[in-house]
Amino acid sequence: MVASTEILEHKESSRIKVAGIFQPFKAIGYVTSDVPVCVQARGQANFITSAVGSTFNIWDGQNLRLRITGPPYSKPITALAVFRDSTFAASGSTIFVAERAQQRKTIEVEDGAAIKSLTVVGHLLFVICDDNMLRIWDAITLEFHNEIEFPATFRLSVIVHPSTYVNKILCGSEQGGLRLYNFRTMKCIHEFKSFDASVAFMCQSPSIDVIAVGLANGDIILHNVRVDERLMEFKQEEKVTAIAFNPNEPYMMVTANVAGDLSIWDLDKRHIIHVMRGIHSGAIHTAVFYAGQGVLLTAGADNTIKQWIFDSLSDIPRLLRSRSGHYQPPAFIRHYSSDPSAILSAGDDHTLRTFHTIRDTQNLEISQGPKNPHENTQISRITQFDTTPNETHTWSNAISAHLKGGVARTWDTKHKKIGHHSFPSTDDSPVKCVAMSVCGNFGFVGSALGTVDMYNMQSGMLRKTFKGKHGHTKAIMGIVSDKYNKILVTASLDGTLKFWDFKTSRHISTLSLPSAPSRIILHRDSSLLAVSSDDLCIRIVDLESLRTVREFWGHQNRITDLTFSPDGRMLLSSSLDSTIRTWDLSSGYMIDAFRTDSVPRSVTMSPTGDFLATAHAGHVGIFLWLNRSLFEKVSLRNLSEEDIIDLSLPLAPHETKPDIADEADDDQMVPDEGSEDVAAESTLGDASIISLSSHNFSKWQTFLNLETIRKRNKAKVLDSKPKRAPFLLSMLVDRPEKQKEIKEKEEANAPKPASGNGGRIIKSDLSSLLSAPQSELSRLLSLAQTDSDYADVWVHLKGLSPSELHLQLSLLTTQDMLYFLEAATWKLQGRTDFEVVEACLNGFLQVHRYDLSETLEAQVDELLSDLKRLQKQVWEALEKEFEFGLALIEFVRA
């Protein structure tokens with residue numbers, strides 16, 4: 001007997017904890033944190049890198065779509081910097097170097113000093129540490145370069161590189177001082193006059209030598225570092241957190257503060273234009289203008305990135321697009337529509353938001369109506385809400401209860417706005433819970449005194465009140481109606497469940513519970529009601545027999561939320577004991593349980609059963625857990641407390657393939673090398689196919705209008721002196737003594753020209769120009785005469801920029817002109833790259849039309865005739881396809 005007992009104990013101790021039904025998948029709702037974002041220009045495209053907890057996201061700067069998610073790190077990111085394809089993320093005393101989504105290398109700071117900020121200047125990475133040291137690494141080789149140690153009287157807070165100042169860095173301190181350092185010699189060149197407050201932010205202005213300095217007391221100073229003189233001073237409310245300059249006219253500056261306000265300043269007139277209050281719900285840590293565009297990007301600690309465009313005459317920007325999430329943890333989440341990927345979430349930040357598990361572009365805040373900038377019109381925190389999936393109605397389809405609120409509010413999730421009606425409790429007590437009928441026509445409001453009122457969602461009129469002598473005596477904690485609108489069930493702190501006739505509001509029955517209920521949910525298809533109570537028990541009540549059919553025990557602390565699986569076979573519960581448990585209704589077993597490092601506040605199962613969504617305390621995102629039982633076999637045995645496994649929250653959102661709708665809007669698509677050549681070879685010789693090149697259409701449009709663009713971009717010469725120089729130039733024009741002093745210094749420091757033939761100007765004779773080598777296009781045209789194959793010629797032409805193409809065509813000799821016409825005829829016969837041939841012929845004829853008509857008239861008549869005939873054939877075939885497509889569209893529309 002003893003031996004058998006030991007064997008059983010050994011088997012019990014050696015039990016292996018296997019993976020359960022749910023596994024971490026991804027997190028949604030993360031946009032940015034309190035770390036400043038980085039904006040990087042790559043060609044004509046802009047990319048935004050933002051820190052989200054212990055990883056980073058890379059967004060497309062044009063449409064704010066998530067492109068890349070970086071690798072997860074062990075600690076939260078405290079600073080970011082980007083250089084070419086590398087992303088530098090600081091976490092603690094470690095700098096992680098990643099390329100796209102792959103972790104490559106790490107840099108460890110000596111003595112374990114925590115990193116405060118990262119800045120890239122040229123190919124060097126500057127690191128500000130909390131030990132008052134500025135360390136420098138090579139951003140390419142990652143080799144340590146040097147370090148600068150500052151005294152205790154100069155606590156380094158921010159650095160900036162003045163434009164055109166080679167090997168110079170400007171350092172600002174918490175004491176208000178400024179110092180200019182040469183980071184090659186590691187010497188302080190100049191120490192500037194101290195300011196009255198701590199230097200919080202610095203950036204380069206459009207004018208050389210002028211740096212914008214933002215102070216902690218709200219002062220903004222435009223300082224000329226060359227002569228150590230203040231040019232302009234402005235004052236805003238609160239600490240300056242970001243400064244940006246509009247690169248286009250009119251010259252303006254925008255500043256941000258810790259209260260989420262954005263101030264716009266006119267630099268010519270030296271006064272404020274407008275203050276945009278509360279555009280962010282927290283401190284704005286980033287404000288950047290896109291290069292060459294009137295688009296301003298702002299990012300704040302409220303988990304929001306916004307784009308603003310200056311396209312009005314009032315110089316006040318309008319919101320172009322934004323990406324946002326909760327900036328305080330969500331408290332209640334539910335799937336709410338026929339789309340299984342849509343989630344409705346109410347957070348501690350007093351907002352109601354919609355999230356999409358696939359398309360991040362559909363993550364939106366539901367509007368609470370127009371805001372009054374002079375008073376706080378935000379509604380109180382939502383404690384509970386209910387929705388109906390019926391979206392055919394034109395009225396509101398959601399209702400919410402609020403903390404210490406005497407009314408329930410309606411919401412229109414289809415149009416993403418607050419509803420027209422609000423429903424008060426008839427006994428004038430606070431609203432504790434709400435519910436909606438399955439048809440979506442009625443909303444129910446439960447009060448703190450035990451009254452349940454039914455309102456019409458369309459008209460907002462009171463229809464019924466469920467009270468009477470059989471009513472509840474304490475606060476209502478839950479309301480549900482059955483699938484056919486026959487029975488209404490209410491739960492109260494008086495420890496009872498009451499069943500009412502839906503149409504007559506007549507009391508049917510009362511079921512007493514051993515403990516007061518805290519939440520109830522109903523699976524309408526099976527008519528099973530789940531009730532969580534203060535005694536930590538979950539009871540299942542059958543609405544047909546009005547009896548308790550199951551009891552689930554196991555939670556060690558208060559139960560926070562419940563949700564059924566779509567088929568009604570499983571019940572999931574979350575608790576303050578940090579566990580999420582799955583109960584099998586048929587067997588009564590606990591078939592899955594896992595513990596997280598944060599308390600789950602709310603859970604909801606998708607209508608298709610593929611994902612479990614959870615909201616946790618201390619986290620602003622919504623976490624998705626994959627249901628493994630849909631694609632592999634999982635154990636459904638009865639589990640004990642020892643079988644509970646620990647799972648980490650999926651803090652890093654996974655990189656997903658963009659959907660077809662998103663891909664259709666992408667403008668920054670880069671074709672693979674050689675793709676167009678493969679397409680050309682596949683269609684060559686097929687007379688029924690006419691192909692176009694894969695090059696951007698704007699390239700050939702620019703080539704055709706090259707002369708117009710050059711005339712437009714030509715510098716304008718002023719006939720007379722302007723009345724007043726724009727922006728900061730007037731500061732030196734009005735002070736001739738400063739001009740004279742600067743000119744004398746420049747002449748003294750200027751290098752003297754070498755004597756004799758060592759000068760910078762080299763004379764050349766005409767013979768050297770005439771003997772210049774032929775162009776690449778001429779060489780390829782000559783080589784193609786051996787086998788009459790002009791493929792290399794067109795590959796070369798397609799790789800040229802518009803300006804290079806115009807130059808190459810202009811340098812063609814008389815014989816090369818004939819070769820080019822033969823190449824165009826060869827290309828048209830192949831019926832490939834039709835728009836390229838047309839554009840090149842247009843540019844060729846504009847340059848050489850007189851040469852062809854005067855010197856080569858007899859030789860080109862036949863070539864031009866063949867070209868005209870081929871061009872007509874190809875265009876007629878294209879025109880036929882166009883007409884067929886237009887006719888088909890008209891037919892579909894009709």
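In this predicted model, Glu 641 forms a salt bridge with Arg 581, and their closest N and O atoms are 2.7 Å apart. Glu 641 sits in the loop between β56 (622-627) and β57, while Arg 581 belongs to strand β52 (residues 579-584), so the pair ties together parts that are 60 residues apart in sequence.

Strands β52 and β57 both take part in an open sheet of five strands, with the order β50-β51-β52-β53-β57 and mixed pairing. At the edges stand β50 (559-564) and β57 (645-646), each with a single partner strand, so one side of each is left without a neighbour in the sheet. For β57, the link to strand β53 (residues 590-595) consists of two bridges, and these two strands run parallel. Within this pair, Arg 595 is found opposite Asp 646 of β57.

A second pairing of interest involves strand β40 (residues 452-456) and strand β41 (residues 462-466), which run antiparallel and are joined by four bridges. Here Asp 453 stands opposite Thr 465 in β41. The hairpin made by β40 and β41 has five residues between the strands, and Gly 460 takes a positive phi near 80° in this hairpin.

Another loop worth a look is the one between β30 (330-335) and β31 (342-347), where Ser 337 lies. Ser 337 is buried, with a relative accessible area of 10%, and its side chain reaches the backbone nitrogen of Asp 339 at 3.2 Å.

Returning to charged pairs, the search of the whole structure finds 29 salt bridges. One of them joins Asp 85 to Arg 42, with the closest N and O atoms 3.0 Å apart. Asp 85 lies in the loop between β6 (79-83) and β7 (86-91) and Arg 42 in strand β2 (residues 38-42), so this contact ties together parts that are 43 residues apart in sequence. Both ends are partly exposed, Asp 85 at 48% relative accessibility and Arg 42 at 36%.

A local pair is found in helix α9 (residues 776-783), where Arg 779 and Glu 776 are three residues apart and thus separated by about one helical turn. These residues form a salt bridge whose closest N and O atoms are 2.4 Å apart. Arg 779 is partly exposed, with a relative accessible area of 34%, and Glu 776 is partly exposed as well, at 32%. Elsewhere, salt bridges that share partners join Asp 131, Arg 135 and Glu 147 into one network.

What of the cysteines? The count of disulfides comes to zero. For Cys 188, the closest cysteine sulfur is that of Cys 171, and the distance of 8.3 Å is too far for a bond, given a cut-off of 2.5 Å. Cys 188 is partly exposed at 36% relative accessibility, while Cys 840 is buried at 0%.

Finally, the surface carries a nonpolar patch of about 490 Å², made by Phe 884, Leu 888, Phe 891 and Val 892. Of these residues, Phe 891 is found in helix α14 (residues 857-893) and is exposed, with a relative accessible area of 63%.

Conventions:
Residues are numbered from 1 along each chain as its sequence is written. This is a predicted model: local features need pLDDT of at least 70, side-chain atom pairs count only at pLDDT 80 or more; totals for chains, interfaces and linings use all residues. Side-chain values use heavy atoms; hydrogens and water are left out. Two strands pair if DSSP finds at least two bridges between them. Buried means under 20% relative accessible area, exposed over 50%, partly exposed in between (1.4 Å probe, protein chains only). A polar contact is a pair of N or O atoms within 3.5 Å; within protein, one must be able to donate a hydrogen and the other to accept it, and residues adjacent in sequence count only if both atoms are side-chain atoms. Patches are made of residues with over 30% relative accessible area and no salt bridge: like charges are joined within 9 Å, nonpolar side chains (Val, Leu, Ile, Met, Phe, Trp, Tyr) within 5 Å. Accessible areas come from the Shrake-Rupley method with a 1.4 Å probe; for residues, only the protein chains shown count as cover. A salt bridge is a side-chain nitrogen of Lys or Arg within 4 Å of a carboxyl oxygen of Asp or Glu.
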